Amino acid sequence: MDFQFTPSDQALRDEAEAFVRREWEPGHWDVVGSMAPLPNWHHADEELDEHLKAYRKKIVARGWYTMHWPEEHGGKAIGITTQLAYREAMAYAGSPSDLGGGLVAPVLMVEGAEWMRKEFLPKIANADIEFSQGFSEPDAGSDLAGLKTRAERDGDDYIINGQKIWGTYRNDWIHILVRTDPDAPKHRGITYLLMPLKDESGDYIPGVTVRGINSAVGRHRWDELFMENVRVPSRYIIGEENRGWYAAMTTLSFERSGIQRPARLTKLLEDYIEFNRTNARRHGPSAGPLGSMTFKNRLAELRIQVETLRMLAYRVAWMQSQGMVPQRESSMTKFLGDETAKAVYHTLYSALGEYGNLLPGNDIPLPEGGYLNAQAFMVGTMSVAGGTTEIQKGIIAQRGLGLPR
Ligand SMILES: Cc1cc2nc3c(=O)[nH]c(=O)nc-3n(C[C@H](O)[C@H](O)[C@H](O)COP(=O)(O)OP(=O)(O)OC[C@H]3O[C@@H](n4cnc5c(N)ncnc54)[C@H](O)[C@@H]3O)c2cc1C
């Protein structure tokens, strides 16, 4: 791997960090976290929602939100290394958002009908519209291709029945995988659709019911989506009927190294050490174990682990920049990222002692604004979200080590 940032990448990093410090209200630690940028941590907080939307608009105005898109779609086609440099700087500085469009924009660019691209891509690029993701179901997570939500053709419409889970179904639109041919082999009977979730007055369309799921720390963080005879025009299909699995697997040359996590964890460790140096004595011994050599060694170990994670993320990005498709490398980054995040949060939380249980809003400048305890509870879920530990280990064993299935 030969990975170097150009002077212009370095300049972008500096600019991005300065931008976040200037434009993002640092009190909102609860939406940033160090696991990944996790927007809308608490759905009931509408003020925060508005704040996030306004912040995203500033990224748009700065010309960064879709700079990774191809020029034909209004982007600047910046390369993988530049995307990584920018994302790392944004995450390190605490930005809850960086590049826009998620998975749906690339899929629309490659598989979407011309009218869909014209209709939706400008709105996505302007941060006027966001899509929920309708992939996982209660019995289809690791085995996503086993999904059961059914879509049956009725004239020019599909009639949809089924359930999705683990998304945030509060947007006006969703991109959703549905089963259109139950008799075909499972990967071949799936269709990819856009579907309106709400009507023009902001109410859910007929047949749609959304129920919140609270996290372990009591915040409304996810939703379940129930669909009963929901009517969706068939022109909202992305790609071809029954070829949705392959459309959903479309990966463009957009950066997906997971660099945000080591960037956030680096900042967290730095903030913890700073807190300890400047506040521990004043606020009592339980907040200040830095004096112990054992604990110092533990912090050093964690910092090395985070750096290893960062190098792995760089490797994934470098492979992409060379036109290679990272597989076991992505799984290694995901797996090590989950384990490292758990180790960092759990170590710091217990090191803070009784201070770890203080709630946000007190006048002690705790790392992550007092949300470290909530993150320490939630960090375990990361080894399920986005592919479980066992699935990552399976990929590393088979595609990395060549072990039999
Ligand atoms: C916090 C959180 C956020 C999420 N966010 C999203 C989201 O944004 N979008 C989305 O679509 N989904 C999301 N999910 C869903 C997530 O992708 C699934 O929960 C995950 O893929 C596991 O699937 P499952 O829940 O069906 O469990 P299962 O697949 O049933 O797994 C149960 C257990 O069996 C093990 N297992 C399953 N298959 C194998 C195998 N082949 N080999 C070895 N072990 C195996 C698993 O590792 C696990 O321990 C989220 C989940 C969580 C918890």
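In the predicted model, a backbone N or O atom of Gly141 lies 3.2 Å from an oxygen atom of the ligand, a polar contact being a pair of N or O atoms within 3.5 Å; within protein, one atom must be able to donate a hydrogen and the other to accept it, and residues adjacent in sequence count only if both atoms are side-chain atoms. An N or O atom in the side chain of Ser142 is 2.6 Å from an oxygen atom of the ligand. A nitrogen atom of the ligand lies 2.9 Å from a polar side-chain atom of Gln133. The ligand taken alone exposes 970 Å², of which the protein buries 59%; accessible areas come from the Shrake-Rupley method with a 1.4 Å probe, and for residues only the protein chains shown count as cover.

The ligand is surrounded by 14 residues, the closest being Gln133, Ser136, Ser142, Thr388 and Glu390; a residue counts as near if one of its heavy atoms lies within 4 Å. By class, this shell holds 6 nonpolar, 7 polar and 1 charged residues. Here Ala, Val, Leu, Ile, Met, Phe, Trp, Tyr, Cys and Pro are nonpolar, Asp, Glu, Lys and Arg are charged, and the others, Gly among them, are polar.

Residues are numbered from 1 along each chain as its sequence is written. As the model is predicted, local features need pLDDT of at least 70 and side-chain atom pairs count only at pLDDT 80 or more, while totals for chains, interfaces and linings use all residues; side-chain values use heavy atoms, with hydrogens and water left out.

Two helix pairs were examined, helices (H or I, at least four residues) and strands (E, at least two) being DSSP runs numbered from the N terminus. The axes of H9 (residues 328–351) and H11 (residues 389–400) come within 9 Å and cross at roughly 145°; axes are lines fitted to C-alpha atoms, for helices over the stretch in contact, and angles run from 0 to 180 degrees between N-to-C directions. Contact (heavy atoms within 4.5 Å) involves residues including Met332 and Phe335 of H9 and Ile395 and Ile396 of H11. This contact comprises 4 nonpolar, 4 polar and 5 charged residues.

For H1 (residues 7–23) and H2 (residues 46–61), the axes come within 12 Å and cross at roughly 145°. Phe19, Val20 and Glu23 of H1 meet Tyr55, Lys58 and Ile59 of H2, giving 4 nonpolar, no polar and 2 charged residues.
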